[in-house]
Amino acid sequence: MKPIWQAAGAALRPLVLPAILLLAWQWASGRGASAAYVFVPLEQLWTGLQELLADGTLALHVAASLERALTGLVCGALLGIATGALMAQSRVAERLVGPLYHTVRQVPLLGLVPLIALWAGSGEFAKLLIIGIAAFYPTVLNTFEGMRQVDVRYREVGAMLTLTRAQTFRRVLLPAALPDIITGVTHAQVFAWLACLGGELLFAAAPGIGALLLTSEQNGRMDVVLLSVLVISLLALVLNLLFTRVARLLVRGRSA
Amino acid sequence: MPVPPFSQRRRLVGLSAALMPVLLSATKVRAAELLPSALRIAAVSRTGPSGKTLFAGSSALVQEQGWLAAELGKLGVKLQWVPVTTNSVAVQVNEAFANKSIDFAQYGDLPSIIANASGLRTQLVVPGGSMNNTYLVVPADSNARSIKDLKGKKIALHRGRPWEFPFSRLLAANGMTHKDVRILNLNPQAGASAVASGSADAFFTLSDAFLLEDKRVGKIIWSSKAAPQDWKMRAELWGDSAFLQKHPRLAQLVATAYVKAHQSVVGENGRENYIRHEVAAGQSRSLVEREWEGDNTDWNTRWAPLFTPELRAHYAAGAAYARQARLIGRPLDTSKLYAPQFVEQALAQLKLQNLWASR
Amino acid sequence: MNPGVLSAGARGLGLAEHARKVAQPGRPESPAPAQATRPRPARSLVERWLDWRWSAWTSPLLVLALWVAATEQALAPEQILVPPWQVLVSGWELAESGELGEHVWISLSRLLSGFGFGSVLGVAFGLAVGLSSRLDAYTAPTFQVLRQIPSVALIPLFILVFGIGETFKVVIVAKASFFIVALAVHDAVKNLPVRYLEVAAMLRFSRLQVIRRVVLPAIVPATLTGVRIALGRSWMVLVGAELLAAEDGLGQMMEMARQMFRLDVVMVGVMLTGVIGLVLDRSFRLLEGYLMRWQRR
């Protein structure tokens, strides 16, 4: 009896706030043409959504963006891990790369867009480049910190077993720093998705959810604009959850 | 060495004469080997349904006709179309010219002036185009009737884009300068939002103005349809000067292809065909038709690929405006911007000299 | 034994030196090096460079030198590879005309007002949600979804709602900092060691006292970290928003320069945004250090 009510209550609670917001939205959209331009009535949103799903446009753009973001993420993260590892192993590398990394990192990514457009064009490569850079920053930092903080005892064990430098790296440092590296990749994913969106908005036309946002803006289709924003946020949420779950699994498996 | 007898000299001359064509063709082969692997043309594009990139304007026709791709293919050169998003055409094309990633571009007059003033060398190869109209939009509940009512008010205008020049002509015709209004440098989407929310008092743009009218959030109080021809912005085919000098044969092919496209547009069903292309690229049909309704420029004249005195005057005035509005740092001599030889050759080749009799 | 006379072997051991030191007490002696017998190998150039105080400047200076060399060689057209001195000259011109100062001032004031609003609201919201699990249950999913909405995508919507003036930029910055700070505070409250709360219960603190004397001081470190991260992100979001839709400000200066094809001005903007970001970050770390020192006592 009571548990059922409690369970139902617990399930419904998260939906209260969104329901209130939707009602407020519907009310706002009824207040005239100018308001309806931005607070698109919910029915229009619904029909817009059906339209997008029917001709496969949404699926196409979502797939293109995901592909782009993940490619850039993988490239940037791999490079970041390699650089971080190098910096952790070699003081010279750290002294050379560190200052450059810290200065360039301060420039907002979107501010680099004009420079990238000039030096690398406005096509697919430029978008992948900006995603790669966004993924690069957190992975380098996390890999470097992770490796540097590897417990001295592990290193001593390695020295005792007279492992070569490469072997120490592969069998001692890398596994020990893996949790930090994985955290870095998780952070990188968040930035990579944002950079993917920014790239699609600012670089040349190509399939992608950001491009859909732009095109629908140009055609005055505010319903598609809102739907695109919603899809972007939902995808960000899903990606984030996915990566954190996988990260947790991997880390737990490691320390077991 | 004794002087060879007369007959032997003759034989030598004869031999050299016979060898000449071989030598020449050898150098020709050498020159042919220096052809680029791809010829790249940038054109405004939109992502249509099913993700295809569709081009706008005469580039779509050139692509459809396929003649250019075939001719270039015979020379072993690939034709590559480079898509450019409508909301930042000027910037993307100029940057692409700067880093040599395109050879030709179909884009506007003012950006080309800015590019040349900053040191890039491009030249106009094929003039003529759809000659977009420009519109002045105000919020639906505004009381402004003309540009004069907007003195001291905020007007959204994307700077450095070709329609800035018609805007300056509008101001000048009403005795105003750009100091009499507050210009908000916003890209077309932000400008539309600004005027729809009433936080900008006006918005100056292309036919996307109709979208605001359709949504009943804006009303158009001025359009360039009735204005003099040289008020209208131009979007035409420009080419990288170095490329034009190095590969005149390829440039000629491109020019001929575009002249052919112009020819088909002014021909039978040309207009209908053109509208079909624009609609396929994502514009709504009513928008395209309203854009041309009541326009005082003859369809035929728009597409005339002729280097008329009006054209030259237009660019000179554009450069003067750019200097005055501090869009460029140094004054630009526009007489060097033209490469008319390719169009002349194309017209002669296609025997179209009389189609657009020059006035 | 006469300290001055040693066998050859003993001399080799360096005992003579040691003996001399012992024989003359009162002289401050440096600790005997572990391998006094072997002369120390000369430190390699690399090691000397690593120990040099200014070695961190090496790579930026190297990059600068490469840049100058590349422009001398004209490896790329001037529009793409702007000479460094040109950037400096343009920067100087802009600073002189007061334009640069104006843009920087406007951008910074937007940042500070938006960031101020956002962080204060974020702390309040984070506290409320952290302390009350009922409120958390109601708002958490919505919060998570709204948090993910990229600020860049919201710009046209915000312009529609807030107009093109200062409001929408301040709101965008506030939105960015709000979510980050709220999340940090919420996590900090949730991660409070239970012992603290147990002690407070034992001392029979009222709810308000619990908050004021236990929760607030305990969450300060995590909150400060969150606020610092929010500052950095807000700066990025502001520059992005100004790039896309503003009539003044540093981002707008860069965008206009891009439209006018003045890469030198773009570089001035890029460098300045980087420097300002660095200064903000470092100053905040100093502030953090000062406050934390107070905490640690």
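## Helix 6 of chain B and its surroundings

In helix 6 of chain B, which spans residues 164-173, the buried residues are E164(B), F165(B), P166(B), F167(B), S168(B) and L171(B). The model in which this is seen is a predicted one. The packing partners of these buried residues are helix 5, strand 9 (202-205) and helix 14 of chain B, and just after helix 6 of chain B the residue G175(B) adopts a positive phi of about 70°.

## Strand 11 of chain B and its two partners

Strand 11 of chain B, residues 235-240, is mostly covered, with six of its six residues buried. In general, strands of a sheet pair through backbone hydrogen bonds, either parallel or antiparallel. Strand 11 of chain B pairs in the antiparallel sense with strand 4 (residues 104-108) of chain B over five bridges, and here Y107(B) stands opposite E236(B) of strand 11 of chain B.

Strand 5 (residues 122-126) of chain B likewise runs antiparallel to strand 11 of chain B, to which four bridges join it. In this pairing the bridge partner of Q123(B) is G239(B), a residue of strand 11 of chain B.

## The two domains of chain B

The domain assignment divides chain B into domain 1 (38-131 + 234-350) and domain 2 (135-231). Taken over C-alpha atoms, the centres of domain 1 of chain B and domain 2 of chain B are separated by 25 Å. Between these domains, 23 residues of domain 1 of chain B are in contact with 17 residues of domain 2 of chain B.

On the side of domain 1 of chain B that touches domain 2 of chain B, two or more residues are given by helix 5 (109-117), helix 12 (285-292) and helix 14 (309-324) of chain B, and the largest share, five residues, comes from helix 14 of chain B. Sorted by class, this side of domain 1 of chain B has ten nonpolar, seven polar and six charged residues.

Chain C has 13 helices and zero strands. Of the 297 residues of chain C, 34% count as buried. Among the contacts in chain C with a separation of 6 or more, 71% are accounted for by residues 24 or more positions apart.

Where chain C meets chain B, 19 residues of chain C are in contact with 25 residues of chain B. Helix 8 (151-162) and helix 12 (250-259) of chain C each supply at least two residues of the side of chain C that touches chain B, and helix 12 of chain C gives the most to that side, with four residues. By class, the side of chain C that touches chain B divides into eleven nonpolar, five polar and three charged residues.

## The contact between chains A and C

Chain C is also in contact with chain A, through 43 residues of chain C and 38 residues of chain A. The elements of chain A that each supply at least two residues of the side touching chain C are helix 1 (2-29), helix 2 (33-38), helix 5 (91-106), helix 6 (113-120), helix 9 (165-202), helix 10 (209-218) and helix 11 (222-255). Helix 5 of chain A gives the most to this side, with nine residues, and the side of chain A that touches chain C has, by class, 29 nonpolar, five polar and four charged residues.

Technical notes. Residues numbered from 1 in each chain as written. Chains lettered and ligands numbered in written order. Predicted model: local features only at pLDDT ≥ 70, side-chain atom pairs only at ≥ 80, totals over all residues. Contact = placed C-beta atoms within 7 Å. Nonpolar A, V, L, I, M, F, W, Y, C, P; charged D, E, K, R; others polar. Domains from an automatic or database assignment. Buried ≥ 20, exposed ≤ 12 C-beta atoms within 10 Å, placed from the backbone. Pairing = 2+ DSSP bridges.
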